[in-house]
Amino acid sequence: MQRFSAFSIIRRGLTGNESWRPQWRRASPKASYDAIIVGGGGHGLGAAYYLAKEHGLTNIAVIEKGWIGGGNTGRNTTIIRSNYLFDESAALYDHSVKLWEDLSQVLNYNVMFSPRGVMMLAHNVHDIQVLKRHVHANRCNGVDNEWLSAEQAKEFCPPLNISPDIRYPVLGAALQRRGGTARHDAVAWGYARAADALGVDIIENCEVTGFQKDAHGAIEAVQTTRGLIRTKKVGVSAAGNTSVVLGLAGVSLPLESFPLQALVSEPIKPAFPCVVMSNTIHAYISQSDKGELVIGAGTDAYTSYTQRGGLHINTHTLDAICELFPMFRRMQMLRNWGGIVDVTPDRSPIIAKTPVPGLYVNCGWGTGGFKATPGSANVFAWTIARDEPHPINAPFTIERFRDGFLIDEAAAAAVAH
Amino acid sequence: MLLIQCPYCGPRPELEFAYGGQAHIARPLKPADLNDDEWAAFLYMRVNTKGVHAERWRHARGCNRFFNALRDTTTDHFLAVYKTGEARPALNTAGGHS
Amino acid sequence: MTQFRAAKGGRIDRSSAIEFEFDGQTYKAHPGDTLASALLANGVHLVGRSFKYHRPRGLLAAGAEEPNALVGVWRDSARYTPNLRATTVEIYPGLKAESQNRSPSLKFDRAGINGLFSRFIGAGFYYKTFMWPKTAWKSLYEPTIREAAGLGRAPTQADPDRYSNRHAHCDVLVVGAGAAGLSAARAAAAAGARVILCDEQAEMGGSLLSDVHTRINGLTASAWVASVLQELKANPRVTLLARTTAFGYFPHNHLGLNEKLTEHVAAPKPDQPRERLWQVRAAEVVLAMGAIERPLVFPGNDLPGILLADAARTYLQRYGVKVGSVVAVVTAHDSAYQTALDLHAAGVKIAVIADTRAEVSGDLAAQAWAAGIRIQHNSTVIGTRGKLRVTGIDLGQVSGSNVQPLESIACDTIIMSGGWTPSVHLHSQSRGKLVWDESLSAYIPGQTAERTRSVGSCRGIFGIAASLADGTKTGAEAAGTTSSITYEVEETRLANTGFIGALPQPGGKPGDKAFVDWQNDVTTKDLALAMREGFESVEHVKRYTTNGMATDQGKTSNMNALAFLAAGLDKPIPAVGLTTFRMPYTPVTFGSFAGYSRGELFDPVRRTAIHDWAQAQGAVFEDVGAWKRARYFPRGNEDMHAAVDRECVAVRQNCGIFDASTLGKIEVVGPDAATFLERLYVNSWANLKVGQSRYGILCREDGFVYDDGIIARLAEDRFHVTTTTGGAARVYAFMEDYLQTEWSDLSVWLTSISEQYSVIALQGPAARRVLEPLVTGVDVSAQALPHMGVVSGFICGIPMRLFRVSFTGELGFEINVPSDYGRAVWEAIYASGQPHGIVPYGTESMHVLRAEKGYIIVGQETDGTMTPDDVGLSWAIGKTKPDFVGKRSLARSSMHAKDRKQLVGLRTQDPKLVLEEGAQIVDSPGQKAPMRLIGHVTSSYHSAVLGHSIALAVVRGGRARVGQTLYVPMPTGDIPVIVTSTVFYDSEGAKLHG
């Protein structure tokens, strides 16, 4: 792997930048691997990296039906935080935040993790109760999260409109200072480059078309558009397409795939210092290093694999943004796009073994998977390597839906009465 | 915003409707007879089809009636709408959209 | 006016001169100018600085595809808009604009030094550095990068302008009013269709407006446009929308159009909307979006004074502006010859026409020869000269794969044409397929996914006659008919040629500073580097180099990048793939999406019939869903706590009146009504007698508490169901779901009556005495109307449903009267209560009073993870029922685990100390994070009646811990608490039954 540094940039720059080499090899499938990861997003590439780095499995491949990082990894609003309510969630997401903090150095790839603070707004008494519950639970779990008055919130985020005269005034906020954003594409590329350096094959334009099982029903090969590949372990990280891939192995999951849209404004000079989220009026916003305001909201109402949604979602998202930040009303939307998010009934992910021996799944991240990329990839790799979950992902099974041990982050933010 | 054919009211914009999820999941007549796996399958397992999906809609801001639709989730085109209780219609291969 | 204003021609109003400001300097213009044409008329080419290298930039184009000339425009301090394209900003008297991304000035920009380091800061350099030391990213590197990035500055004040929104339907929506669009609209309208024709420009006509040569039906092109517009305007079934961009194509032929209403007006009326969002549902769509001229990629192609040939013609023929004095033409397409000839005719010297093609034939070349213009075949450009404005061009001669320098020619302007790229944006947005047309070297629309058709040059049909014929045929088709309209056209035929990619350079290497994406500063070297580093997928190259991601979304850059990539990868262009076209076609104002939705209209406010009374009494309100609910009624200088203390004591000692109108109310009627409720709610209903009510709990199918409320049996076949305020709509939908889709055999009708009734809660020992004098036809004595009794009667002559129920633990009534009479009845009760010390109380006191009794609030004590038993309500479950919604889930073993969180009461040692709601609970003191959390405080108040604080909490195995000491770990230390029963007040219920 060519080491990246200011020095290497200058050295190679002085010689016309001719000596840069591909950041990862363009691999073709071998006949067999010790493990295969299906899905070349951040979660899948990360899992391959950790399998090679921490578990010594280097004869492995990531197969991706399109181009790596082209799914939700490259289509999200890049928010990173770990201020989740339940102990299980906080442990998982905070594991991730801790990995984010060193990821650029570990991968020798600047993923631009920017802990600029994530602020979640309260607009009514019920919001205050819910967010304070988060603040207390997080603090006791060792996750930073603090309560701010409306005035303190404005001090932290000057564009915020805290006028009591708006329809749903800001009454306060919960702030996680360690939260922030990162450069999404760089996460996929950084993991790909680092995994490749450890010998992992990254195979693009290779779609799974079926699974081959042995007499005991265990995985023995994957059928792909680029031929049959033998392997005894398959980890699926296919986000919105997980149901489709697992369906090929006869496994059904409690998942539904919805369109999630996001948008950016035209780039402007720094005007927005942090990430602000409002669950009550449905919008979130930050500013990218390039200067674009990055804005998202909820999903469209119906399941879909089209990677697009309706105009009314955008109008609703932007009316919320304009209400909270009325100076942005004259800003212009530059680009809108859609992803496919796989949603579980309790809005928490599944990182687990499946009923098929040798088949593992990491899915159900809904609208919030990017933030979990390193942590989820890390424990998923553990699960695949050892055929048993890491203590952090042990609660995130498929069986929890049968047994009723839900980790219901959505219900925990129940609507007001 | 989708344009949805309510079988009772005709074509109306999506804003008038509430999505009702996968269709044809009948509540077991005697839930007590189901084991935990079977009950969990009823509660949570969804086909999440990439392709023609049978799903429920309610004309919430109209006649308030539930009905079923076949929609291709790779194009969002509706292929058929039919009333609750009716069998899922067979599609001709041509499909077509509303 | 200036030497650059042509002596004649153009569509500007030369009779009137107006002044405008750019970067603080005042210039003159004419009505009809754009900011771009006006600046050019004043000889100003330098209008911006590029994103990364801060290179001086001039106007490249004349339309919406302009990548360089982004300006900030303001009317006053609150009306500042960044990043507007000078080419689409219409001039008005007093317009103020400024250049962007430069400091201190356009001519001298300190960050211009970045260009010197371009070899170190090429594509993706930032992924490779700024990693050491780690802490410097946040403190130094990122702030520096952010300050350097971004183009314009954000507005800083709330935008006072209004935005409007309109939904529309039509038979045929035609996008684009050039030759193809106008003829399509005309043909569709002639067939009787309802037509909407929109065009992004101030004037409809497209390229016809700058075409002074073509004759249609004997008219000049612009005269023909005028005649057609007149005809369409006269047709009441046609809507013409100028200044209206169709920016997005959404599923099911739903299109978003942005209409600019006041941007061109010097002094808009204050209440006039600035923009309007049209949401159009079209039966058929005709896309006539035209084509965009492609720039040529050669070293130094970004200097001010280098622009597209067709833009130069537009500036001349539409705005009467000459783009320079000495012009060099570089072209791969015939159309640039027309521009050269037009400029020549206007007195501009054409230094050379450097044609990339080996052979040029046709009328225009002949005319150029005849005009004495030098034409150089097999040309390429190997460099340009100049700093803030081009001063010369270095031509090269191509023979085979060999490039030799030819000569350097002085000029102050270079115009270029690489041919035309069809605008397939909306077709692609609609999910139509694109197919590569080798003969046109362009992607054109293929299989459609919606009811849409492309016409004219956006589908590769070039030429006026062909476009008119195509538009006519297709417009009629869209209207479901055929047309007999024909046009007689005299025009010059042009060959459809072009060049894609980078012009050949000596040694076959990409030259220096050959820009592909002007705005994002992407050069051929950046693209080459990306390929060298293994980024081969077109999406990867786009993301790594940022090519095509600027505010023009690659309108001028994508095809050249694609061809360069294809050449580098040695693949045919269609094998490289294509990036996705995303909405919006051009940037659209946030405010236009938001529309009317601001302030009160952001979300309609729901107010009860008693709201105004409460407001007059000085109530403080809280938002509960969309409702405004009175939270407390302060007197004098009382704060909330003082008011709540007073209100609670008054209710316990005398009586209080509370507006409970926001509760959801559903009437369940029919012979099977009891069966229906039996199946839904956990309770038994069959045995509920007429005239009685019962507290009901509704679970989801997963067994968790979903809603609660009082359900009264008004008749054998009629129930009055109440829900929580927030649950009203969803419980009703939930009921309809089961009724319509699971139990359609049941004969039951559901009616939401939430808004039909005002609900007045009258609570306290004196409640009966207050009520009695007002009612007729009912006996409200304890014997006749016991706790949970329900009766119909009259109050103040108004029909009422009277519930004897209590959410306070006191003797209580809930009076349901038609909402129209709610206020009157409320006031009558309030008057009747005066001798008894009645007080109005709000939601906060309601919360305290119910918490003193241990009554739960769904959504506060429950959070979607609590079963009825968890919150101490297993007594309510109908034990003998074979089934109810959620019963099977409750049978799972996890629902009976000993360590489930259970509702308990908490007392603090310090009676004054009120725990914080949401605070966590542990079972041993002094824990460090991560602690073993066993529960949390759900409700916590000071109880004035009890003289100490009270709290409800959910705690693992809580009911077995009553009497134990637990701890609430706060940042200031652990607070010991004692686990108690949930009932703090009147645990025998004596007051309730009084």
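Predicted model: local features only at pLDDT ≥ 70, side-chain atom pairs only at ≥ 80, totals over all residues.
Reader: How many residues of chain A are in contact with chain B?

Author: Contact here means heavy atoms within 4.5 Å. By that rule chain B brings 25 residues to the interface, and on the side of chain A the number is 26.

Reader: Which residues of chain B lose the most area to chain A?

Author: Interface size is often given as the accessible area lost when the parts come together. Buried area is that loss when two parts are put together, taken with a 1.4 Å probe and summed over both. Chains B and A bury about 2,000 Å² between them, 56% of it on carbon and sulfur atoms. Three residues together make up 33% of what the side of chain B buries: B:Y44, B:N48 and B:K50.

Reader: Which element of chain B gives the most to the side that touches chain A?

Author: Chains B and A share 12 residue pairs in polar contact, both residues at pLDDT 80 or more; such a contact is a pair of N or O atoms within 3.5 Å, where within protein one must be able to donate a hydrogen and the other to accept it, and residues adjacent in sequence count only if both atoms are side-chain atoms. In chain B, β3 (18–22), α1 (36–44) and β4 (52–58) each supply at least two residues of the touching side. Helices (H or I, at least four residues) and strands (E, at least two) are DSSP runs, numbered from the N terminus. With 4 residues, the most comes from α1(B).

Reader: How many residues on that side of chain B are charged?

Author: Asp, Glu, Lys and Arg count as charged; Ala, Val, Leu, Ile, Met, Phe, Trp, Tyr, Cys and Pro as nonpolar; the others, Gly among them, as polar. The side of chain B that touches chain A has 9 nonpolar and 8 polar residues, and its charged residues number 8.

Reader: Which residue of chain A forms a salt bridge with B:D37?

Author: A salt bridge needs a side-chain nitrogen of Lys or Arg within 4 Å of a carboxyl oxygen of Asp or Glu. The interface of chains B and A has 1 by this rule. At B:D37 the closest N and O atoms are 3.5 Å apart, and the partner is A:R402.

Reader: Why does this pair join two chains?

Author: A:R402 counts as partly exposed at 27%, and B:D37 as partly exposed at 47%. The salt bridge of A:R402 and B:D37 has its closest N and O atoms 3.5 Å apart. The pair joins two chains because A:R402 lies in helix α10 (residues 400–403) of chain A, while B:D37 lies in chain B, in helix α1.

Reader: In which helix do C:K473 and C:E477 both lie?

Author: Their side chains meet in a salt bridge at 3.2 Å, N to O. C:K473 is exposed at 53%, whereas C:E477 is partly exposed at 34%. They sit 4 residues apart, about one turn of the helix, and that helix of chain C (residues 464–478) is α9.

Reader: How far apart in sequence are the parts that C:R718 and C:E667 tie together?

Author: The side chains of C:R718 and C:E667 form a salt bridge at 2.4 Å, N to O. C:R718 lies in strand β39 (residues 718–723) of chain C and C:E667 in strand β36 (residues 664–669), so the separation of the parts is 51 residues.

Notes: Residues numbered from 1 in each chain as written. Chains lettered and ligands numbered in written order. Heavy atoms only, no water. Buried < 20%, exposed > 50% of the residue type's maximum accessible area, 1.4 Å probe, protein only.
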